[in-house]
Amino acid sequence: MAGALTHKGVHHTFQGCPASGGWSHSSSTDLVHWTDHGRGVHVLNETFMGMSSNSEPCAGFVTVDDNGTVCAGFRQCGSGHGTTGWNPKAQPQDVPMELRCAKDESLTQWGPPEYICKSQAT
């Protein structure tokens with residue numbers, strides 16, 4: 001299970017598995033009958049700060065932000081190389097936490113990645 005939540009009376013589950021292309025998304029109003037929404041949070045070509053990833057999102061979390069928007073947080077399952085823009089010696093696993101927020105109430109459309117990273121400020 002990559003993440004689950006109840007939002008506006010609807011239960012949502014997100015299931016990720018290796019090489020699936022993203023998180024499968026299902027919803028239910030009674031926890032007995034489920035609707036399959038296919039892939040929700042899906043693979044993107046990630047190039048933030050020098051990383052190179054075409055990998056599916058790994059297990060993470062789903063939450064609601066202060067504005068009531070549902071967001072999914074995770075790391076990429078793999079990368080050709082890490083965020084070398086911060087660290088020239090970055091390893092493939094050196095990638096930041098990523099956040100994508102839903103663009104619709106059915107949680108089937110997701111916005112672009114936002115990266116949660118340690119500030120460079122000292």
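Predicted model: local features only at pLDDT ≥ 70, side-chain atom pairs only at ≥ 80, totals over all residues.

In general, strands of a sheet pair through backbone hydrogen bonds, and the pairing is either parallel or antiparallel.

E5 is joined to strand E6 (residues 70–74) by four bridges, and the two run antiparallel. Across this pairing, Thr63 is found opposite Cys71 in E6.

## Overall chain

The protein chain has zero helices and eight strands. Its pattern along the sequence is accordingly written β-β-β-β-β-β-β-β. The C-alpha trace spans about 50 × 30 × 20 Å along its principal axes.

The protein chain has 122 residues, of which 35% count as buried. Taking contacts between residues at least 6 apart in sequence, 39% join residues at least 24 apart.

## The nonpolar core

The largest nonpolar core has 12 residues in all: Ala2, Leu5, Phe14, Trp23, Val41, Val62, Val70, Ala72, Phe74, Ala102, Leu107 and Trp110. Strand E6 gives the most to this core, contributing three residues.

With neighbours within four places in sequence left aside, Ala102 is in contact with Thr69, Val70, Leu107, Gln109 and Trp110.

## The disulfide

How many disulfides does the count come to? The count comes to one disulfide. It is formed by Cys71 and Cys101, whose sulfur atoms are 2.1 Å apart. This pair links distant parts of the chain, with Cys71 in strand E6 and Cys101 in strand E7 (residues 97–101), 30 residues apart.

The link of Cys71 and Cys101 is right-handed, with 100° about the S-S bond. Both Cys71 and Cys101 are buried. Cys71 is also the residue that Thr63 stands opposite in the pairing of E5 and E6.

## Aromatic pairs

Three aromatic pairs are found in a search of the whole structure. In one of them, the rings of Phe14 and Trp23 have their centres 6.1 Å apart and their planes at 50°, so this pair is tilted. Phe14 has a relative accessible area of 0% and is therefore buried. Trp23 likewise counts as buried because its relative accessibility is 0%.

Phe14 also pairs with Trp110: the ring centres are 6.0 Å apart and the planes are at 80°, so this pair is edge-to-face. Phe14 lies in strand E2 (residues 10–16), while Trp110 lies in the loop between E7 and E8, so the pair ties together parts that are 96 residues apart in sequence. Trp110 is buried, as is Phe14.

## Two loop residues with positive phi

Most residues other than glycine have a negative phi. Lys8 is not a glycine, yet has a positive phi of about 55°. Lys8 lies in the loop between strand E1 (3–7) and E2. Is Lys8 buried or exposed? With a relative accessibility of 64%, Lys8 counts as exposed, because the cut-off for exposed is over 50%.

Leu31 is not a glycine either, and has a positive phi of about 65°. Its place is the loop between strand E3 (22–28) and strand E4 (35–42). Leu31 has a relative accessibility of 51% and so counts as exposed.

Notes:
Residues numbered from 1 in each chain as written. Heavy atoms only, no water. Pairing = 2+ DSSP bridges. Core = buried A, V, L, I, M, F, W, Y, C linked by side-chain atoms within 4.5 Å. Buried < 20%, exposed > 50% of the residue type's maximum accessible area, 1.4 Å probe, protein only. Contact = heavy atoms within 4.5 Å. Disulfide = S-S within 2.5 Å. Phe/Tyr/Trp six-rings, centres within 6.5 Å; stacked < 30°, edge-to-face > 60°.
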